[in-house]
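These are my notebook entries on side-chain contacts, kept in the order in which I looked them up.

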Amino acid sequence: RLLVSPAYGVRWARHWLDVVRYADFHDGDPKARTASCEPLNAWRYRDWVVASLNRDLPFDQFIVHQIAGDLLPIPEGQDFHADGLIATTFLTNGSWDRGDADKEKMVSDMVDDQIDTIGKAFMGLTLGCARCHNHKFDPIAQTDYYGLAGVFYSTHILKDIGAKGGEYTLNRVPLAPKSYVVKREAQVRQLDALKVKLAEIDKKTPKPPANDPARLQLMRERDKLQGELLPEPPVAEAAQDGGTEKGLFPKIQDVPLHLRGSYTRLGPIVPRHLPTFFAGDLQPPIQKGSGRLEVARWVASPANPLTARVIVNRIWQGHFGAGLVRTPNNFGMLSEPPSHPALLDWLAARFIEDDWSLKKLHRRIMLSSTYQQGSSGADCESRMADSNPRRQWNASPSDNPRSPIHNPQSIDPDNRWFGRFTARRLEAEAIRDSMLHVAGRL
C-alpha cells in the first residue's frame, strides 16, 4: 500500500534531490531573480524524479537518463524524448557564481561540480579531489579527472556565458519535436518581417489611408500568420552535446590537463576516458559525441563495484537513520568501513538481480526482522537470552537491571549492530506537513 501511494515518490524524491544539490531557484526573493540564469524550469526535473520513483524506473536507467538522457534513442511511438531532456537538468541545476568576471573559471567550476556530483551521488567517489593533483588517497589520477573533464567541457548547459561581470544565460531546450520547433521559428521570422514592413509604411506616411491596398494586404497576411502560429513549446534546462560557445573549449574536444587545476596553466592534452583503475587500460576510446553516454553506462553497469552498493546504502540510511557505511558520499579509503560488509554486498547483488528495482529493495529491507524490531531493546534481550543456554531468570547477574543482557544500549550505544531499532526524530518536512495538514493548509 505504501509503495503504490503517490506519496512514496514525493517522500523518496526529497532524499534524492538533497543528494544532487537540487533547488527550485537561487534567489529567495522573486523580485530579485534574473530570469536568464535562474533555474525556473527545474520543477520539471523534480516532477520527473517523483514520477520515475513512483513507476519504479530501474535505477540503472534512472542514472543514464540524468547523465545522458538527451543522447538516448527516441522511444518507439514518440516524436521526441521529453523525459531524457528533462532528466539532464541534473547537470544544470547547480549553484555557481552567476556574475563572475572570470568566465573561464566559472565554466571550469561548473565542469568540476558535475564531475564531483556524479562521483559522490552515484559511486561514493570524491572524483573532484583530482582536479589539482592526483588523488591523495584513492586511485584516481589527475589525468583521469581531465579525461572526464573533456566529456563535460564537450557538453553545454549555457546559451551564453555573459559579459565580464554579467550573468550567464542557461540553456533552455524546447520540449517538442525538431520539426515543430523549425516550423514555428520560420513562422516567427515571417511574422517579424511583416511587422517590420508595416512599421516602415507607418514611418513614411504618418496617417496611411485605411484602404491602402499594400497595407491591407500586409495586414491580412499578418493576421493569417498570427492565427496559424504554433504555440510556444515548454522548455527544460537540459544539457546538450557541444562545448560552451565563446568559452575556452567551444566544441566537442579533448582538453589539456590544468596544472594545479587552473585553466591559465595548461599541460598536455588528455584523451577523454573513464578512470583507468575502474575501467581498465584497454577501454575503447571515446570518438563520437561528448562521451556522456559512455560515462553514464559505465556508472550504471552491473560490473561497477560501487554504484549498487552506494544506492543500497542510501536506502538503508533512509530507513534506519544511518547507513551500513556512515559516509554515504564517500566509499573511498577515507570512508568509514561498512559495519556489515557482507550484508551490503548481498543486498547490492540482490538489487541488481531484481533489475535495479528500488521498490523491491524497500520491501526486502522493511520485511526483515532487523527493521521490524522495537526501539526498547527487548528484542535484543530476547535473542541474547535464547543464545545463552546457561541463563536462568533467577540467577545473578541477569536479574540485575544494569546487566548488559537487560541493557543492550550499554553493549552497543550507537546501535552499529542493529540489535534494536534506533528511535529517530521526525524529519523537518514531515513536521511542516503535519502542521499544515492540521491547519487545513496542506
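How many aromatic pairs does a search of the whole structure find? My search of the whole structure returned 20 aromatic pairs. I counted rings of Phe, Tyr and Trp (its six-membered ring) as paired if their centres lie within 6.5 Å, with planes under 30 degrees apart called stacked, over 60 edge-to-face and the rest tilted.

I note the basis of the entries. The model is predicted, so I required pLDDT of at least 70 for local features and 80 or more for side-chain atom pairs, while totals for chains, interfaces and linings use all residues. Residues are numbered from 1 along each chain as its sequence is written, and side-chain values use heavy atoms, with hydrogens and water left out.

**Entry: aromatic pairs**

I looked up W16 and F59; their ring centres are 6.0 Å apart and their planes stand at 90°, so I recorded the pair as edge-to-face. This pair links distant parts of the chain, 43 residues apart, with W16 in helix α1 (residues 6-19) and F59 in helix α3 (residues 59-68). I took helices (H or I, at least four residues) and strands (E, at least two) as DSSP runs numbered from the N terminus. For burial I used relative accessible area: buried under 20%, exposed over 50%, partly exposed in between (1.4 Å probe, protein chains only). W16 is buried at 6% relative accessibility, and F59 is buried at 2%.

I then examined Y371 and F421, an edge-to-face pair with 5.6 Å centre to centre and 90° between the planes. Y371 lies in the loop between α14 (358-366) and α15 (378-386), and F421 in the loop between α16 (408-411) and α17 (428-438); the pair therefore ties together parts 50 residues apart in sequence. Y371 is partly exposed at 21%, whereas F421 counts as buried at 18%.

I also traced a cluster linked by ring pairs, which includes W16, F59, F62, F90 and W356.

**Entry: charges over rings**

The charged end of R21 sits over the ring of F90, 5.6 Å from the centre. For R33, the charged end sits over the ring of F25 at 3.8 Å from the centre.

**Entry: salt bridges**

I counted 22 salt bridges, each a side-chain nitrogen of Lys or Arg within 4 Å of a carboxyl oxygen of Asp or Glu. R46 and D47 form one at 3.1 Å, N to O; R46 is partly exposed at 28%, as is D47 at 37%.

Are R131 and D112 buried or exposed? I found both buried, and their side chains meet in a salt bridge of 3.6 Å, N to O. R131 lies in the loop between α6 (103-123) and α7 (142-153) and D112 in helix α6, so the pair ties together parts 19 residues apart in sequence. A network of salt bridges links K105, D109, D112 and R131.

E228 and K224 meet at 2.7 Å, N to O, in a further salt bridge. They are four residues apart in helix α9 (residues 213-228), so about one helical turn separates them. E228 is partly exposed at 39%, while K224 is exposed at 52%.

Notes: Lys NZ or Arg CZ within 6 Å of the ring centre and 35° of its normal.
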